[in-house]
Amino acid sequence: MQPGSKPENKFAPPTDVKSVLNMYKKPKKVVVTAGMPYANGPLHLGHLAGAHVPADIYARWMRMLIGDENVLFVNGNDDHGSTSEVAAVKAGKTIREFIDTIHEQQKDTLKKYSIRTDVFTGTSRPETYPLHEAYSQDFLRRLFKNGMLEKRITKQWYDPKMNRFLQDRFVRGTCPNCGNTEAYSDECDACGTQFDPSTLKDPRSQLSDAIPELRDTAHWWLDMWKVADPLKTWIETKTKAWRSAVIQEVTNTVLIGCRFENVHEAKYKEIKDTLPKHKSRYVAGKKVECLFENKAELATAQAALESHGIPSVVTDKWGYRPITRDVSWGIPVPAELDPDMKGKTLYVWPDSLIAPIVFTQVALEQSGRKKEQYKDFWCDPEATVVQFLGQDNVFFYVIMQGAMWLGHTDHPLQLPQKGDLQMTEILSCYHLMVNGEKMSKSTGNFYTGDQLIEMGYSPDQVRYFLALLSLPVKASNFDFEHFAERNKFLAGPMNAAFEKPISACHSKYDGKVPEGKLIGKAEAETVKLVQMYLRSMQKGDYSTLLGQIENYARQINSLFTQYKPHDDRAPEAERKDALYTCFYVLKNLMIMLNPFVPETMNELRKSLNLPESVLRAEELGTGIPAGHVIEAKRTYFPAVAETETSGS
């Protein structure tokens, strides 16, 4: 090499689809989970858009990539806690009776939308509860052994007439911040403020006409601060992999720092450069906050500040959350660990974080495998767990779950080893609005999944439109006008891309794919699109990808316009090449769209006379051989009436 010359770049971009697929790093096993719905009502559009449809798309793609037996899509109802109890009381039913009814309704809705879970169970269901109780109690024993649970005495509302403590949703009162008279005991839905229960005004019990009173109660608090170092290290490894909203929220929450009064700022500036590397900023209450890389450097800095007359307080408020409740409906806490915990149950959030592990055990048992094989999915660094959830649940799924996973291992201060529960991948979505407004039952701007089907829409039309929304990056709108436009595109140009080659094949070539070669940019465009497809599917970013798939489909219409395979007057060699190329594009389209609109693509597969086994990643870029018999056209996307404009 000549002096000063640059080293040769040996990386050559792949020129065929097989090379693209071979370069893609595949996980050995995958578990997919979706935000667990409470068993308190029907599944609405927000549930489908933010969790269940995106998760199903991902699970279907993973099955196509690594095989059905290596993928588990597990989900179920979040049965425990006050939400289900309150709803059952209002319905005048026992909790069991109420939950079972809702469970079957939700299961039926998921089936209508082709959401193919390996199991849809519930935390209290008979096939799950014994496993869930045993696993959760063992989990708590491990946390306790590692000093991750701190007992605190707090005050909680108590109903003297019912002789029981009242969890959050059984107490209503006036918000101390905005005056909303329907605030819960510790937070207000109207203004979003969280507050100490003692500041709630005019409290009322939802179970009796008694005025509740505050009484002391003991609870365990999860000490997330103890594992702040590995938690922060793990989050930093996800900076480029996770959605920016998730990273922004968790990095602004998991803070390792201290605060001091700003009257000491001049003195602090004198010694600032002698402290361990850190960032400083002004925070509320006339304070300066310093943020450090780890707890050891924080301790060194605090000692230095103290020696210069600057007292500081650790920024660790985020690091403690209660994880037990005075509720009978839940997983009992192991009473042998502390007599003060007798009669307490696990708070519904840690309960629901542990649940998918148990759901995996149930799914394995139901498929004839051993429940212990859950470790192949959850405890192997070469496997992955991908969790789809709403943006407002990021704290629980990243910070609380991360701390729990770290805190129950033999070495809580290091990242998980092989055999430990591995940290999970998080894909969050923002809220879905309808016609520009937040969904609300009281205003009637609210739709269940079943209602859209009753209004005459096909499940695949809804799935496609939900996948097109930009929920991963912002709150998005289910606008019926735009929905109608997309449905017209599917029923028009997209259907035409499916139907034209099939029609021409039957009318001109005896129903067989003609001899030919790939022409135009079909192969190069496929290579480009498959590269994008792999990246986008891995990140669960479907909106832009579907736009590119639509452009790819337009190639078929362009080939018909240019070479006229259906017209005997055009040169025959060109017609055959064009039609052969159309079927190449069509097969790729069918495979790529299969996770999004599975029922429609199944109809297309039957028309193309291909076996179900063709719906896998390795088949991308392989085309359909000459002489292959094509079956008749079928119904794909339904026709859309011109008058269809809104959900009225």
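**Figure 1. Lining of the second largest pocket.** The second largest pocket has 31 lining residues, and those nearest its centre are Lys238, Ala383, Thr384, Glu425 and Gln538. Two or more lining residues come from each of H2, helix H11 (374-378), strand E16 (384-390), strand E17 (425-429) and H16. The space in this pocket amounts to about 830 Å³. Its lining is made up of 18 nonpolar, 4 polar and 9 charged residues. This view, like those that follow, shows a predicted model.

**Figure 2. The largest nonpolar core and leucine 593.** The largest nonpolar core holds 106 residues, of which Leu45, Phe478, Phe498, Phe583, Leu589, Leu593 and Leu608 touch the most other members. The element that gives the most to this core is helix H2 (residues 45-66), which supplies 14 residues. Apart from its neighbours within four places in sequence, leucine 593 contacts Tyr464, Met494, Phe498, Leu546, Ile549 and Met601. In soluble globular proteins, nonpolar side chains tend to be buried together.

**Figure 3. Helix H17 and its packing partners.** Helix H17 (residues 543-563) has 21 residues and, at 1.5 Å a residue, should span 30 Å; the C-alpha atoms at its ends lie 31 Å apart, which agrees. Buried residues of H17 are Leu545, Leu546, Ile549, Glu550, Tyr552, Ala553, Gln555, Ile556, Asn557, Leu559, Phe560 and Tyr563. Four helices pack against these buried residues: helix H14 (459-468), helix H15 (480-508), helix H16 (522-539) and helix H18 (572-593).

**Figure 4. Two lysines with positive phi.** Lysine 564 counts as partly exposed because its relative accessibility is 35%. Lysine 286 occupies the loop between strand E10 (278-283) and strand E11 (287-292). For lysine 286, which is likewise a residue other than glycine, phi is positive and near 55°. Lysine 286 counts as exposed, since its relative accessibility is 64%.

**Figure 5. Lysine 232, a buried residue of helix H6.** Lysine 232 is located in helix H6 (residues 228-236). Its relative accessible area is 12%, so lysine 232 is buried, the cut-off for this class being under 20%. With neighbours within four places in sequence left aside, lysine 232 is in contact with Val254, Ile256, Phe292 and Glu293.

**Figure 6. The largest cavity.** The count of cavities of 30 Å³ or more is 2. The largest cavity contains about 100 Å³ of space. It is lined by 14 residues, with Pro54, Leu466, Ala467, Pro472 and Tyr542 closest to its centre. H2 and H14 are the elements that give two or more residues to this lining, and the largest share, 4 residues, is that of H2. By class, the lining of the largest cavity has 11 nonpolar, 2 polar and 1 charged.

**Figure 7. The second largest cavity.** About 30 Å³ of space is found in the second largest cavity. Its lining is formed by Ser136, Phe139, Leu140, Leu143, Ile323, Leu346, Pro350, Ile354 and Met404. Helix H5 (129-145) and helix H10 (348-366) are the elements that give two or more residues to this lining, and H5 gives the most, with 4 residues. The lining of the second largest cavity divides into 8 nonpolar, 1 polar and no charged residues.

Notes. Residues are numbered from 1 along each chain as its sequence is written. This is a predicted model: local features need pLDDT of at least 70, side-chain atom pairs count only at pLDDT 80 or more; totals for chains, interfaces and linings use all residues. Side-chain values use heavy atoms; hydrogens and water are left out. A nonpolar core is a set of buried Ala, Val, Leu, Ile, Met, Phe, Trp, Tyr and Cys residues joined through side-chain atoms within 4.5 Å. Buried means under 20% relative accessible area, exposed over 50%, partly exposed in between (1.4 Å probe, protein chains only). Contact means heavy atoms within 4.5 Å. The expected span of a helix is 1.5 Å times one less than its number of residues. On a 1 Å grid over the protein atoms alone, a cavity is a set of points where a 1.4 Å probe fits but cannot get out, and a pocket is an open set with protein on both sides within 12 Å along at least five of seven lines; lining residues have an atom within 4 Å of a point. Grid points are joined across faces, edges and corners, and a volume is the space filled by probe spheres set on the points. Ala, Val, Leu, Ile, Met, Phe, Trp, Tyr, Cys and Pro count as nonpolar, Asp, Glu, Lys and Arg as charged, and the others, Gly among them, as polar.
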